[in-house]
Amino acid sequence: TNLSDNISISAPLGIYHFSRVEGHSIDFGVFVDDAFSRRFNSSLKTSYGFSDKKFKWDLSTEYLLGDYRTWKIKFAAFNKTNIMFGRSDKYGELVSTLITLISKNEFRDYYYSKGFEIGFEGEIFPILNLRTGFKNNTDNSALVNSDYSFFNKNKSYNNNPPVYETRINSINLGFDIDFRDYIEDGYFRRRTAFGRSFILFSGDITYSNKGLFNSEINFTTYELNTRAFLQTFKSASLNINVYARLNEGTTPYQNLYSVPGNIDILFHSQTFRTLNINEIIGDKILTLNFTHDFRDELFRLLNIPKIKNWEIMLSLIFNAAVSDISNKTSEILTNPVKSLKHPFYEVGFGLGQGLLPFKIEFMWKLNYKDGNNF
């Protein structure tokens, strides 16, 4: 809800959430956007859980430098509840709250984290962005504190898994390579491909050391991500996403990577449709996502009466993944972890309609057939 051109607060749907760890929770946030000549952004989010009886807060600020605000200084401080493997969780707070209250089968796990983070990044060249930062965080396990739901009164929630409780001080070095053209609007450089093919690269190194940074654990994590959009014929296109992660040292359970999965009949793009959320976890990961969107070009090409004008959208999907745990990380794990030491494959297709905001997909596992194979 906007109070002015630069200040807003949480809207009604953003002041409540529910989880089996926090119970009924009241949330409130204050947001500052594009202040001081469109250079300053900040947010303060607060929350109180009536079951875990904890007050949480999350403060983040950033200031943009340069003629086109291509440099950024940022600071964050927090004492909050974190979503386990939140990078792979594509669902919003409202979806999680409703599913939990209705089905009493929460798909998320949580842990507590407090600390601070500082960072600096900027555009060295028009195609190259570099970043660096330091982060301090202390993580602690969370327990199930509520048994409430609208239905299923006799059913109990699943346990919330413990984390490896530790303090981590780490530095991060990263880069982004973007060959797309940009438009300068007097304030910012807006990247756009003008509908043409493009490819993006990004990478990060995160380093934690007991002696150098007074951290409680040693590890180095290497990450590389490539995303490509390729025009094939007419309006059809191929989307490719490749993610690779390699770890040296010991990684806490909460810092592992979860291969993006889904819940029951809902899905998001660039995820594995036949895998559940947090089903496959590791610190040595390679995932590939290929989606060819034919749009309605094939149906127009076949020239079938009536159907060619229905704007039926067709897409073909292929996903593959490899996941494993390094020896040093496995030594400190207390939670069971499922790996994919040999490549996992799934394939399928999707159907939609040009004016409708949803589509139906049919996906099959090609190997590792157990549980949800279709």
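**Salt bridges, briefly**

E184 is partly exposed, at 35% relative accessible area (partly exposed lies between buried, under 20%, and exposed, over 50%, using a 1.4 Å probe and protein chains only). This is a predicted model, where local features need pLDDT of at least 70 and side-chain atom pairs 80 or more, while totals for chains, interfaces and linings use all residues. Residues count from 1 along each chain as its sequence is written, and side-chain values use heavy atoms, without hydrogens or water.

**The overall picture**
- The structure has 26 salt bridges (a Lys or Arg side-chain nitrogen within 4 Å of an Asp or Glu carboxyl oxygen).

**Around E184 and D185**
- E184 pairs up with R189 in a salt bridge, and their closest N and O atoms sit 2.8 Å apart.
- R189 is partly exposed too, with a relative accessible area of 26%.
- D185 has its own salt bridge, to R190, with 3.2 Å between the closest N and O atoms.
- As for cover, D185 is partly exposed at 37% relative accessible area, and R190 is partly exposed at 40%.

**The R87–E223 link**
- The side chains of R87 and E223 form a salt bridge, at 2.5 Å from N to O.
- That pair ties together distant parts of the chain, 136 residues apart: R87 is in the loop between β6 (71–83) and α2 (93–103), and E223 is in strand β13 (residues 219–231) (DSSP runs numbered from the N terminus: helices, H or I, at least four residues; strands, E, at least two).
- R87 is exposed, at 53% relative accessible area, whereas E223 counts as buried, at 14%.
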